[in-house]
Structures are given as structure tokens and as C-alpha cells.
Amino acid sequence: MPDEDTTDFMLGRLAAEQQFALWHDLVQPLFRVSLDEDAAAAFRAEVQAAPIADALLTRCTSRAQSFQRDMDDVRSSGWDHIVIQHYLGGGFEGLCGDRTVAVEAGDINILDLNGTLRTRATDFSNLTLILPRDRLPVAGSHDLHGRAIGRGSAIAAVIGSHLRSLADHAASLSPREADAALEALCLLMAGSDLREADPRVRAAAGASVHERICAHIDRHLDDPNLSPASIAAACRVSRATLYRLFGFEGGVMAYVAGRRLDRAFTALSRPDDERTTIAQVAYRSGFTSETHFSRSFRVRFAMTPRDARRLAREGRLARQDRYRISGTSPTPRDWVHVMRRLRESF
């Protein structure tokens, strides 16, 4: 991989407060970060990132901070990835979903970006690999969020060595070599005791039902009578099953509202369509109140419907917002481009 694909994000020449402000913006796609009040004046951080095939590997060093990711972050970020971390120094503790976690140097820990977390890290240094979910088949049948492979195990040492070698040689790997290196890592992960850790035996069937329900919802978004009862009846599942399958989305009606807002954003982002009023867009997207639509739209996209239409007409609709309206997720390479723009800002 060519050297220009590796991006260094070094903040040392900036004041601590400026460093944290940029750091906060940089990690926003993954986590929201915060500091203790007395830690802001001493904050330091740096990160080096290199795309490896369709994944991203970062080497990071930072002072202590807290990390948070809630369901609003999950829905708005568009990231459907698994994170594999190897802590070289320091660690963290807290909650990943409902699981209590404590990670120390030498551990291999796994995070699922479809899950929530609230953790507190000491000063740390780590390697973080962000890879698409389908790269790691074991993630489809097991709940890996917050799981760790202890530093005392031989497989943790092998995986850690592999990650360190990837970090050292990422810039010189050919595309074929990079793909093979990721496949090797995923085989190592699949061979660990994660497979026996917490199996979700109904995961495959549940995913299939979830997809079928999502397809039904998308076909009926303009129906103002769409409800848990009608969805459950049409898809032949119990309401209890429906609520369980959409627990990570904040509930089935929260998912419906999000999809309706995405459809409305798509309509408002067409700069050549000025004849349709915002009220018409709202009603065609399944909303019965223009006021409720505008308020919900602003919460989801941090702008009003009128702002979205104006920005689209001016060609200034932010790319991170277009991820949602196009139905695609941002990729690790997109994050590198954001990192470069942030770096250029200082």
C-alpha cells in the first residue's frame, strides 16, 4: 500500500484545549469523548491511520478520557463494523451494552459498533482495527461486543503480534497481501475461545426475520397507520419478537421514524425539485404533522428541512449527511479523508 495512504494526526504543537477539540471531532464517527475537568489542561493525543483493504488500522496514544456510544450514535453514524483492539499500554473499564468490561495492556478486545458503550480509559496506547462486519463471520452468530481474549492466553499473544506486524507493514502491502493479512487475522479470531463465549443460537434466523420486517416497513413507509400490531401481523411474528428484534434500534417505531426521515431527506436533497412543498414531503413520508416532522428532522440531521433543501440547491450538503440519504455507510477510507481535512485545519 502506498505511503500516501497512511495519515498521521499529530497535535503536539497545539494547546491542550485545541488538541482535545480536534481529537473530539476526529473520533466522532466512533465515539463521543469527554474529559474530567482537571484533565483538560494536560490533554495529549496522536493517531496514525492506514487503510488495509476495506478495513482501517490505527495506532493511537492518548491521555485518559471517557468514551460513550448510545443508540442515537449507532443510528446516525452509519457504521456497521466490528472493532478489534490490542492495548499496548493502559486500558479501560465500563459497560459495553449490558456487559461489564475491564481491559488491560496485552488484552485483545472486541467492540460492535451496533452496540452501546460507556467506558473510562486510563492513559493508553493501542492498535485498533475497524473492519466490515461480514469480514468476521463469527460476529454473525455470537455476541462479541465487549468480549476480550485475556493477555495470558497464547492466542492473544499471536493476534497481538499479527496486529503489530500489520501496523508496521501496512504501507507496503499490496492489495492482495492486505486482503490475505486480514483473512489470516479473522481466522485467528475464529479459532479463539470467543466462539464458546456467548453464542446467540437464533442469530441467523433472527437476522433473516429482521431483514424481512425491514423490507416490509420500507414498502409501507407512506402508510400513516403503520404500527407494531400491523407489522407483526403482516410479517407473522409476535409483538414480543418484533420488539426484541428492534431493541438495538430503540424500538420498531423509532426505526420506522428514522426510515421515514431518511426518505424525506432524500426528497429534500434533490436540488431540481422545488415544486414539492416541505409539508408534502412530510406527508408523503408518512408523517401526519408538519411540526412533528420538522422537529424530528432537526434532531436526526442537525438541520431543518428548509436548511437541507437550501444546502442541496447550493451544492453544500455535507457528505456525512449524504451517507444517510444514499443508503450507504461511510467507509474507513472516508474517515481518513475527514482526518486529513481536520489535519489541514491546523
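Q: By class, how many nonpolar, polar and charged residues does the lining of the largest cavity have?
A: Heads up: this is a predicted model, so local features need pLDDT of at least 70, side-chain atom pairs count only at pLDDT 80 or more, and totals for chains, interfaces and linings use all residues. Residues are numbered from 1 along each chain as its sequence is written, and side-chain values use heavy atoms, leaving out hydrogens and water. A cavity is a set of points on a 1 Å grid over the protein atoms alone where a 1.4 Å probe fits but cannot get out, and lining residues have an atom within 4 Å of a point. Count Ala, Val, Leu, Ile, Met, Phe, Trp, Tyr, Cys and Pro as nonpolar, Asp, Glu, Lys and Arg as charged, and the others, Gly among them, as polar, and you get 17 nonpolar, five polar and no charged residues.

Q: Which element gives the most to that lining?
A: Strands are DSSP runs of E with at least two residues, and helices are runs of H or I with at least four, numbered from the N terminus. Several elements supply at least two lining residues each, including α1 (16–27) and β4 (55–62). With four residues, the top contributor is β11.

Q: Is Ser285 buried or exposed?
A: Ser285 sits in the loop between α11 (278–284) and α12 (290–301). Leaving aside neighbours within four places in sequence, its contacts (heavy atoms within 4.5 Å) include Leu221 and Arg260. Because its relative accessible area is 3%, and the cut-offs with a 1.4 Å probe, protein chains only, are under 20% for buried, over 50% for exposed and partly exposed in between, Ser285 is buried.
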